[in-house]
Amino acid sequence: MVSFECDYIAGAHPEILRRLTETNMESLPGYGFDHYTESAKAKIRKACGMPDAEVEFLVGGTQTNSVVISTMLNDWEGVISAESGHVSVHESGAIEYTGNKVITLPAHDGKLRADDVRDYLENFYKDVTHDHMVFPGMVYVSHPTEPGTLYTKKELEALADVCHEYDLPLYLDGARLGYGLMSDASDMTLEDIARITDVFYIGGTKVGALCGEAVVFTKHNRPAHFMTSIKKRGALLAKGRLLGIQFDTLFTDDLYFKISRHAIDMALKVKEIIKEKGWKVYMDSPTNQQLIIMTDAEMEELGKSVVFDRWGVYDDTHTIVRLATSWSTSEEDIKVLADA
């Protein structure tokens with residue numbers, strides 16, 4: 001059996017394990033005050049082209065979204081998201097649990113449109129009863145999106161323009177950011193992401209790390225006493241070295257981008273197999289997630305040798321199946337999939 005179920009089925013890139021092992025017995029300060037964490041922050045600032053960016057590390061994506069959103073919003077505000085956005089669908093109400101509402105707008109191939117956001121904001125403030133409503137306080141996007149699609153630079157800049165017009169921060173969830181940046185369809189660099197957004201995170205959990213996400217505040221806008229807020233929310237890792245060493249490794253010699261590109265190369269081979277076999281594509285993705293439509297019988301047959309994700313219901317007789325590649329996908333995995 002080989003697995004294309006998701007992009008965090010493997011543990012960690014061997015180079016990360018090597019670095020963790022060789023530094024294991026070093027006595028280091030806790031809570032991210034070690035020199036490896038400082039080195040990782042410096043490397044990320046350089047990669048973003050922002051020497052004064054503020055970088056913080058958290059353990060997981062849901063934790064990161066919850067902490068960032070709840071600390072940047074007031075208690076009367078909510079966050080605007082595409083209806084298919086991760087914070088809306090697959091985070092078990094983590095945002096609402098903090099007291100902030102997720103305000104959903106239509107998704108277009110997984111993406112928010114700037115015109116939809118502007119229309120919503122205009123109508124909100126035209127409503128004379130808006131003081132009885134949850135105020136929009138932030139705009140959330142993910143790149144890549146849930147189905148693996150990408151924002152263009154023009155689309156992201158248009159969203160940023162609306163956000164600036166209404167004085168709202170634009171927050172980008174980058175759980176799979178490496179796979180988005182290294183896609184052939186991408187017209188953005190990490191520097192572009194840092195320039196356009198107000199805060200974003202670089203995902204490590206899905207891109208080679210055991211765990212960890214790097215939050216980047218790009219406009220001198222890190223919430224006051226942010227570390228205290230992280231701890232208050234039960235999200236502060238005492239052994240912060242675990243995150244620092246991993247990201248220091250990922251941002252040494254472009255490892256993060258190299259392994260992300262590998263996942264894209266493997267995904268292109270999956271796309272070739274899908275095309276050759278005549279499978280119906282649910283939504284064309286230029287990143288590491290491929291969505292196809294299958295019957296129960298077809299899923300049963302494929303499931304004899306391949307593990308995959310049942311992404312959603314298509315109709316009464318068909319299911320949307322996701323095949324995800326990652327930094328750990330091998331040529332042997334691709335061959336088994338093709339044979340299956």
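Which residue forms a salt bridge with E54? R222 does, with the closest N and O atoms 3.6 Å apart. A salt bridge here is a side-chain nitrogen of Lys or Arg within 4 Å of a carboxyl oxygen of Asp or Glu. R222 lies in the loop between β8 (213–217) and α10 (226–232), and E54 lies in strand β2 (residues 54–58), so the pair ties together parts that are 168 residues apart in sequence. Helices (H or I, at least four residues) and strands (E, at least two) are DSSP runs, numbered from the N terminus. R222 is partly exposed at 34% relative accessibility. E54 is buried, at 18%. Buried means under 20% relative accessible area, exposed means over 50%, and partly exposed is in between (1.4 Å probe, protein chains only).

This is a predicted model, in which local features need pLDDT of at least 70 and side-chain atom pairs count only at pLDDT 80 or more, while totals for chains, interfaces and linings use all residues. Residues are numbered from 1 along each chain as its sequence is written, and side-chain values use heavy atoms, with hydrogens and water left out.

The whole structure holds 21 salt bridges. Side chains of opposite charge can pair when their charged atoms come close. One of these bridges joins R18 and E22, at 2.7 Å from N to O. Both residues sit in helix α1 (residues 14–22), 4 residues apart, and about one helical turn separates them. An α-helix has 3.6 residues a turn, so residues three or four places apart point the same way. R18 is partly exposed, with a relative accessible area of 40%. E22 is partly exposed too, at 47%.

D265 is partly exposed at 30%, and R261 is partly exposed at 21%. Elsewhere, salt bridges that share partners join E15, R18, R19, E22, K43 and D248 into one network.

Now turn to the sheet. It is open, has 7 strands and mixed pairing, and runs in the order β2-β8-β7-β6-β5-β3-β4. Its edge strands are β2 and β4 (101–105), each pairing on one side only. From one strand to the next, the twist averages 25°. Two strands pair if DSSP finds at least two bridges between them. Strands β3 (residues 77–82) and β5 (residues 135–142) pair in the parallel sense over 4 bridges. V79 has M138 of β5 as its bridge partner. I80 stands opposite V139 in β5.

How many residues of β5 are buried? The count is 8 of 8, so the strand is mostly covered. β5 also runs parallel to β6, joined to that strand by 4 bridges. S142 stands opposite D173 in β6. The chain crosses from β5 through α7 to β6, and this β-α-β crossover is right-handed. That term applies if, with the strands pointing away from the viewer, the path from the first strand over the helix to the second runs clockwise.

Helix α7 (residues 153–165) touches β5 and β6 (170–173), and its direction makes about 145° with that of β6. Contact means heavy atoms within 4.5 Å. Axes are lines fitted to C-alpha atoms, for helices over the stretch in contact, and angles run from 0 to 180 degrees between N-to-C directions.

Helix α11 (residues 241–250) is mostly covered, with 9 of its 10 residues buried. Among them are R241, F247 and D248. The cover over the buried residues of α11 includes α1, α2, β2, β7, β8 and α12.

Finish at T325, in the loop between β13 (318–324) and α14 (331–339). T325 is buried, at 1% relative accessibility. Its side chain reaches the backbone oxygen of A263 at 2.8 Å. A polar contact is a pair of N or O atoms within 3.5 Å; within protein, one must be able to donate a hydrogen and the other to accept it, and residues adjacent in sequence count only if both atoms are side-chain atoms. Not counting residues up to four places away in sequence, T325 touches F4, D7, A263, M266, A267, V270 and N288.
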